[in-house]
Each structure stands twice: as structure tokens, then as C-alpha cells.
Amino acid sequence: SWLSGFVTGVVSSMVFVPLLSWTEDDRGSVGELSRIGVDGFDRVDNVLLELLIAMALRQEPGAAIQAVLPVLIGPAHFSEDGGGFKTFPFWKLSRLSHEPSMATNARAGAILRQ
């Protein structure tokens, strides 16, 4: 499964580099998180799950992983000159919930206890 492959990869990696994106239509890995906490909505978010697992494994004594270095990506931008990405929309961060995703935290805890 992708999860067992991810955990195996993180356990044997020195650096975890997640790509965190937020598109103009509030999609992307971070944009999707803005829905959690709205009207009590919660779900297991795979990107958040990966981050939680990587951060927890980094804290383990003798862990191979030494750093978590996210790359922040804004909306895709295409023009006649080529393509790329716009700046990550930091001004949207206030849309994220201050409440944790209980579903994602519970799933991370279950995985880390295995």
C-alpha cells in the first residue's frame, strides 16, 4: 500500500521533502486542509498524515530522518514563455482551522504504535 511504502521510505530517509501546494480554487495539499474544521468536518488527510508521521519519527532516538523540509507551491502558472508556479499564498493561512484533525491524528497514532 502507499502508506506502508511511505513509512518504509521515511524510516530509511535522512530528509523528508513534502511538496505543499495551495491552488487558486483552494485545492492542493494545503488548500484541502482549509475544509477541515468547517462545520465540524473532519477526515483523514493523507498529506497531514505523512507530515505527522515524519515529524514523529524524526523525534525518535537514533532515527535516520534528520529534517523535514517542505517545498511550498502556489497555483500553476502557464504563459507563452513557459510554465511554473506562482508564489505560495501565505495570506490564505488564516483559513486553516486552529483545531486539529482528530481523524488524522488518531490514524497517525495507530500507525506509529504498530
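Predicted model: local features only at pLDDT ≥ 70, side-chain atom pairs only at ≥ 80, totals over all residues.
Which residues form one aromatic cluster? Trp22, Phe88 and Phe90 do. The points below put that cluster in context.

1. The protein has four helices and six strands. Along the sequence they follow the pattern α-β-β-α-α-β-β-β-β-α. Taken along the principal axes, the C-alpha atoms fill a box of roughly 50 × 35 × 25 Å.

2. The protein has 114 residues, and 32% of them count as buried. Among contacts with a separation of 6 or more, 63% come from residues 24 or more positions apart.

3. **H1 against H3.** Two packed helices are described by the angle between their axes and the distance between the axes. Helix H1 covers residues 2-11 and helix H3 residues 46-58. They pack at an angle of about 30°, with axes 10 Å apart. Angles under 35 degrees count as roughly parallel, and H1 and H3 are therefore roughly parallel to each other. Their crossing is right-handed.

4. **Who meets whom in H1 and H3.** On the H1 side stand Trp2, Leu3, Phe6, Val7, Val10 and Val11. They meet Asn46, Leu49, Glu50, Ile53, Ala54 and Leu57 of H3. The residues of this contact divide into ten nonpolar, one polar and one charged.

5. **H3 against H4.** The axes of H3 and H4 come within 9 Å and cross at roughly 45°. That makes H3 oblique to H4. The crossing is right-handed. H3 contributes Leu48, Leu49, Leu52, Ile53, Ala56 and Leu57. H4 answers with Thr104, Asn105, Arg107, Ala108, Ile111 and Leu112. The residues of the contact divide into nine nonpolar, two polar and one charged.

6. **Residues to follow in H3.** Leu49, Ile53 and Leu57 are listed in the contact with H1. Leu49, Ile53 and Leu57 are also listed in the contact with H4. A viewer can start from these side chains.

7. **Aromatic pairs: Phe6 and Phe16.** A search of the whole structure finds three aromatic pairs. One of them joins Phe6 and Phe16. Their ring centres are 5.5 Å apart and the planes stand at 70°, so the pair is edge-to-face. Phe6 lies in helix H1 and Phe16 in strand S1 (residues 15-16), so the pair ties together parts that are ten residues apart in sequence. Phe6 and Phe16 are both buried. Phe6 also takes part in the contact of H1 with H3.

8. **Aromatic pairs: Phe88 and Phe90.** Phe88 and Phe90 form an edge-to-face pair. The distance is 5.0 Å centre to centre, with 65° between the planes. Phe88 counts as buried because its relative accessibility is 5%, against a limit of under 20%. Phe90 has a relative accessible area of 46% and is partly exposed.

9. Leu93 lies in the loop between strand S6 (82-85) and helix H4 (102-113). At 35% relative accessibility, Leu93 counts as partly exposed. Leaving aside neighbours within four places in sequence, Leu93 is in contact with Trp22 and Phe88. Leu72 is 21 residues from Leu93 along the chain, and their C-alpha atoms are separated by 12 Å.

Note on methods. Residues numbered from 1 in each chain as written. Heavy atoms only, no water. Axes fitted to C-alpha atoms, helices over the stretch in contact; angles between N-to-C directions. Helix = DSSP H or I, 4+ residues; strand = E, 2+ residues; numbered from the N terminus. Parallel < 35°, antiparallel > 145°, perpendicular 65-115°, else oblique. Left-handed = near helix turned anticlockwise from the far one by under 90°. Contact = heavy atoms within 4.5 Å. Nonpolar A, V, L, I, M, F, W, Y, C, P; charged D, E, K, R; others polar. Phe/Tyr/Trp six-rings, centres within 6.5 Å; stacked < 30°, edge-to-face > 60°. Buried < 20%, exposed > 50% of the residue type's maximum accessible area, 1.4 Å probe, protein only.
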